[in-house]
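Reader: I would like to go through the labels attached to this model and see what each one rests on. Please set the values against the cut-offs.

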Amino acid sequence: MTPRKTARKRNKKKSGRPARAPGITGIHPRRVAAILDKLNAAYPAAECELHHENPFQLLVSTILSAQCTDERVNQVSVPLFAKYPTPESLAHANPSELEQCIRPTGFFRNKTKSIMGASKKIVEEFAGQVPKSMEQLLTLPGVARKTANVVLGSAFGIASGVVVDTHVLRLSRRLDLTKQDDPRKIEQDLMKVVPQDRWILFSHQLIWHGRRVCQARKPKCLECNLEPLCYAKDRTVPPAR
Ligand code: SF4
């Protein structure tokens, strides 16, 4: 047996899982590249799961998705966009009627104000078109960086940042890509270590992984292809040593 094969055998755990490469932790470029490769392998075609036919619909659906599942937003958005197909129609909606229409998504009064305010501004200041820059999007009522990044990335293909929703927040901490709690700081950390041409897909991939495998309460670590690279404290199988 060659020395390399002997070492590999010695490093192998009783579980049969290979040992984690020693010294490759945190945001080491080789580790980040390995994480990106594994996300690509698992989710090569990850994309936004909010149904939309144009940037305006995606903007409205993203506002509705706060504290709500994409599935429920997709149910609500069908009758919503049938009744209010344009920014003009939502800008001049009857607030009580709109509230009832989006009520199943929760926080419907605040969301009504945001949607009507954003629609009004789009009509009055952006000629009825959703603006294509982070700076302009952030002037719309109810739009913060997360929503702006979703719209820029998924509607226009513009990588202005990384979407940090609840899944990206949880997974980037579990994967030790950041130690921050604040979404803006997490986004800055991710933008430093993930290549810009991967920002859009990377956000979708983390969100997909968070929904399907690395769930908040009980991550399915045995099913996770990132497991050899993960040393999260709350993983549900012990790491290989
Ligand atoms: S090993 Fe577990 S905790 Fe780590 S990324 Fe995979 S599912 Fe999440």
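Reader: Why does Pro104 count as partly exposed?

Author: The model is predicted, and the label rests on a computed area. Pro104 has 43% relative accessibility. Buried means under 20% and exposed over 50%, with partly exposed in between, so Pro104 counts as partly exposed. Pro104 lies in the loop between helix H6 (95-102) and helix H7 (108-125). Its C-alpha is 8.3 Å from that of Val73, while the two residues are 31 apart in sequence.

Reader: What makes Phe107 exposed?

Author: Phe107 has 55% relative accessibility, and the cut-off for exposed is over 50%, so Phe107 counts as exposed. Phe107 is also in the loop between H6 and H7. Its phi is positive, about 45 degrees, although Phe107 is not a glycine.

Reader: Why is Asp176 called buried?

Author: Its relative accessible area is 15%, and buried means under 20%, so Asp176 is buried.

Reader: What label does Thr25 get, and why?

Author: Thr25 has 37% relative accessibility; this value is between 20% and 50%, so Thr25 counts as partly exposed. Thr25 is placed in the loop between helix H1 (3-11) and helix H2 (29-42). In sequence Thr25 and Cys230 are 205 residues apart, and in space their C-alpha atoms are 8.9 Å apart.

Reader: Which residues are around the ligand?

Author: They are Arg174, Leu175, Cys214, Pro219, Cys221, Cys224, Glu227, Cys230 and Arg235. The shell divides into 6 nonpolar, no polar and 3 charged residues. Cys, Leu and Pro count as nonpolar, and Arg and Glu as charged. The ligand sits in the largest cavity.

Reader: Why are Cys214 and Cys221 called buried?

Author: Buried means under 20% relative accessible area. Cys214 is at 12% relative accessibility, so Cys214 counts as buried. Cys221 has a relative accessible area of 10%, so Cys221 is buried as well.

Reader: What makes H12 largely enclosed by the rest of the structure?

Author: Of the 14 residues of H12, 10 are buried, so H12 is largely enclosed. The buried residues of H12 are Trp199, Phe202, Ser203, His204, Gln205, Leu206, Ile207, Trp208, His209 and Gly210.

Reader: How do you know that the span of H12 is close to the expected one?

Author: Helix H12 covers residues 199-212 and reaches 20 Å from its first C-alpha to its last. The value expected at 1.5 Å a residue is 20 Å, so the span of H12 is close to it.

Reader: How many helices and strands does the protein have, and how much of the protein is buried?

Author: There are 12 helices and 0 strands, so the order of elements from the N terminus reads α-α-α-α-α-α-α-α-α-α-α-α. Of the 241 residues in the protein, 46% are buried.

Technical notes. Residues numbered from 1 in each chain as written. Predicted model: local features only at pLDDT ≥ 70, side-chain atom pairs only at ≥ 80, totals over all residues. Heavy atoms only, no water. Near = heavy atom within 4 Å. 1 Å grid on protein atoms, 1.4 Å probe; cavity = no way out; pocket = protein on both sides within 12 Å on 5 of 7 lines; lining within 4 Å. Sits in = over half its atoms within 2 Å of the grid points. Buried < 20%, exposed > 50% of the residue type's maximum accessible area, 1.4 Å probe, protein only. Helix = DSSP H or I, 4+ residues; strand = E, 2+ residues; numbered from the N terminus.
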